[in-house]
There are 4 protein chains.
Amino acid sequence: MASSTPSPRQRRKEARPQELLDAALSLFVEKGYAATRSEEVAARAGVSKGTLYLYYPSKEELFKAMVRASLVSPITESVALAAQHRGSMASLLRTLMADWWARMGMSPAGGITKIMMAEARNFPELAQFYVDEVIRPTQELLAGLLAKGVASGEFRPVPLEHAVHVLIAPMLHLVLHKHSFGACALHGPPLDAKAVLDVQLDLMLRGLLASPP
Amino acid sequence: MASSTPSPRQRRKEARPQELLDAALSLFVEKGYAATRSEEVAARAGVSKGTLYLYYPSKEELFKAMVRASLVSPITESVALAAQHRGSMASLLRTLMADWWARMGMSPAGGITKIMMAEARNFPELAQFYVDEVIRPTQELLAGLLAKGVASGEFRPVPLEHAVHVLIAPMLHLVLHKHSFGACALHGPPLDAKAVLDVQLDLMLRGLLASPP
Amino acid sequence: MASSTPSPRQRRKEARPQELLDAALSLFVEKGYAATRSEEVAARAGVSKGTLYLYYPSKEELFKAMVRASLVSPITESVALAAQHRGSMASLLRTLMADWWARMGMSPAGGITKIMMAEARNFPELAQFYVDEVIRPTQELLAGLLAKGVASGEFRPVPLEHAVHVLIAPMLHLVLHKHSFGACALHGPPLDAKAVLDVQLDLMLRGLLASPP
Amino acid sequence: MASSTPSPRQRRKEARPQELLDAALSLFVEKGYAATRSEEVAARAGVSKGTLYLYYPSKEELFKAMVRASLVSPITESVALAAQHRGSMASLLRTLMADWWARMGMSPAGGITKIMMAEARNFPELAQFYVDEVIRPTQELLAGLLAKGVASGEFRPVPLEHAVHVLIAPMLHLVLHKHSFGACALHGPPLDAKAVLDVQLDLMLRGLLASPP
DNA sequence: TATGAATGAGGCTTCATTCAT
DNA sequence: AATGAATGAAGCCTCATTCAT
């Protein structure tokens, strides 16, 4: 059954694109697009300069592929999570935040947020892609959830679009901080993200709930 | 009386450093540090490449000078504003936010936030400087204000450090958005920052106040 | 009797060198030595990059082998043709020209002339080889033929060495044109090589013959 | 009168483009387009790599500029020469050939012929330009001259288009040879171009003239 | 044998910096 | 002080060649 157990070489080849994307993600997040040398990406993926170009035709294409690859699943998973939820909107909010933090806040892919912010104006098509695939779906998910809460009487009536930003901002801030100042070994205590998010939800829900605790 | 009425050349010469810093700010914010060419900075300031180096010995020093120059005043002004405030902490919060948005959110200097986030890991000393001069003072200002409100019974007791992040995050998010996706002419309506901040304060104060309205 | 009926694989294997030389010839003529990638040669020969190196140890050796292979036979055949000729030198000239055009002008091997001209200075030993194996024999053949014609009274006395160049030039020009401008699909009518050669021989023989028609 | 004597720096700057084109011409002719490194061109022009790119944005543009610069004048000069000629077409032919040989055959610009032959298929637009600016005008000039000779009874009637090729070929051959095999220091006597051209005209005119000498 | 993934020297090009004017 | 031509280190990318399978 030679075909069922591909040679190490084969297995390596199939893993290469992901290995390169992982290396690219960590380096682009660390140093930014322009300051990252393509040879560094290759080295971090354990291959030589030339090999990178067997898989991605240019540094720019590597970057775009990396962004695209890091984005598709997260949102769809959150949407699925929301769809199958039973219970109050407040508890769904807590669940979504915790889930999002686990998947974005803690994983390397969270750095995408930082790099998209930094590079949006240099890669407008990519920015549009990010808005379409990540920002807008996320906002719509949360806006829908707030609307449902308002309709059921659980929440006070609030301007949905704007409230969504207020909900999202602290989490984005935490992720951004983690990949910028938080990664700098500065003097001062590190940020306790979990605690911040707890306080946020506490404050926000008091502000949102029709009958606060 | 040459000193009392400087020639246009003199005046020009004295304005040079600030003109260069302004050009540097707008370009570094627009494209990032590495992707900005020093000749572009000179051109936007209306001088030649060589002249830039008469005032700043390297691109990196120009960058650092630009960051330093864009930061000192804003914080001290907020501190002063808070010191002379008379009235409730809630109203002071509203005042500070409005003031900060006017000075950071609407002015070019707001872009500093974006670029510091993007470049913190490439310029750790600068990051430390930014933390010391901007982030920490701001947090301490707000934490003190919250503490005062709690002490006076105006606010519920909340974890100060963490609540501060929740207060700040939406504004940072708005500034960052303005200089990244917001500058991209993407499909979709632009962000109404004023409205978002109103909603934020509305929600936050309900969460904070011991006796909500 | 394995040796009398070789397997398809065997036959294929034995044909490989020639297939590679053919591919090399067409590509080197088309794009020049430096601009031709060895992988292209392999692809046009229907094999993989690695296989090429089983037959020729380097691109340069492949090139040399291709030049050598494309040259040996043509000259010896012309010499043989001349040796067995019976009749006037004028008619032999016509025969040789027609023969040469058929074998060089119309076949892919004619491109060798172009590439040797282009690469002579990059491959001096190859240039020497080409001079020794092609240019000089051809010149000697024609010079001998002219000398014979002069001796017999058929031709006027002319400087042999120089007249040979005049005889050869139009044909070389036609071959070169065919593989350069002629292969470019330019505006303008294509060159009618046969007609040009007819006119050439007509003019030349009037110039040569002791008693022109 | 500072403006009438530009500084050495200024003078240098104005000379640079031509110096670079000269260096490019000699190297491209010597080694071909692909085998010439842009740094070599710069070095031969006495400047550094970077300086080349201040004047020409890429190797390809340098190449095109070099070809264009080497071509315009020669043809127009020949046309002028022909226009002001008084006397027989035979003598004009001799004059033109001698002139062309002096300007093309002996000067570095003659190498253009070789490189255009070698690179026509890699630069089709340039090939078209060359055909339009050099080949066609030359052919039309000679065709017109032959036609005039035929009309006046000086020449026998001959197929003009084809005869033109026969006239041109030996000269092209000599130039090509000079820049290929002739530049190789091969064994064997160098080609005596003047003598070959004399023999050619002698033979050709016998073939052309209605009443040969 | 044949393959094609991998390598890395080398070429093209950019751009921070210098310096003669 | 101001200029901008010049430099050359450094980055992106190609492609001849190797080698494990």
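Domain bounds in this tour come from an automatic or database domain assignment. On that basis, chain A of this predicted model is divided into domain 1 (2-66) and domain 2 (70-208).

**First stop: the two domains of chain A**

Select domain 1 and domain 2 of chain A and colour them separately; their C-alpha centres are 29 Å apart. Next, display the contact between these domains, where eight residues of domain 1 of chain A meet ten residues of domain 2 of chain A. On the domain 1 side, select helix H1 (8-31) and helix H4 (59-69) of chain A, each of which supplies at least two residues. H1(A) gives the most to this side, with four residues. Colouring the domain 1 side by class shows five nonpolar, two polar and one charged residues.

**Second stop: chains A and B**

The contact draws 42 residues from chain A and 42 residues from chain B. To follow the chain A side, select H1, helix H7 (111-119), helix H8 (124-151), helix H9 (160-179) and helix H10 (193-208) of chain A, the elements that give two or more residues to it. By class, the chain A side comprises 26 nonpolar, ten polar and six charged residues.

Now select chains C and D. Chain D is superposed on chain C by a rotation of 180 degrees with 0.0 Å of shift along the axis, at an RMSD of 0.1 Å. This is the relation of a two-fold axis. To locate the axis from chain D, select Gly207(D), whose C-alpha is the nearest to it in that chain, at 2.4 Å. Finally, highlight the contact residues of chain D: 98% of them recur in chain C, so the same surface serves both copies.

Notes:
Residues numbered from 1 in each chain as written. Chains lettered and ligands numbered in written order. Predicted model: local features only at pLDDT ≥ 70, side-chain atom pairs only at ≥ 80, totals over all residues. Contact = placed C-beta atoms within 7 Å. Nonpolar A, V, L, I, M, F, W, Y, C, P; charged D, E, K, R; others polar. Least-squares fit on C-alpha atoms with pLDDT ≥ 70 in both.
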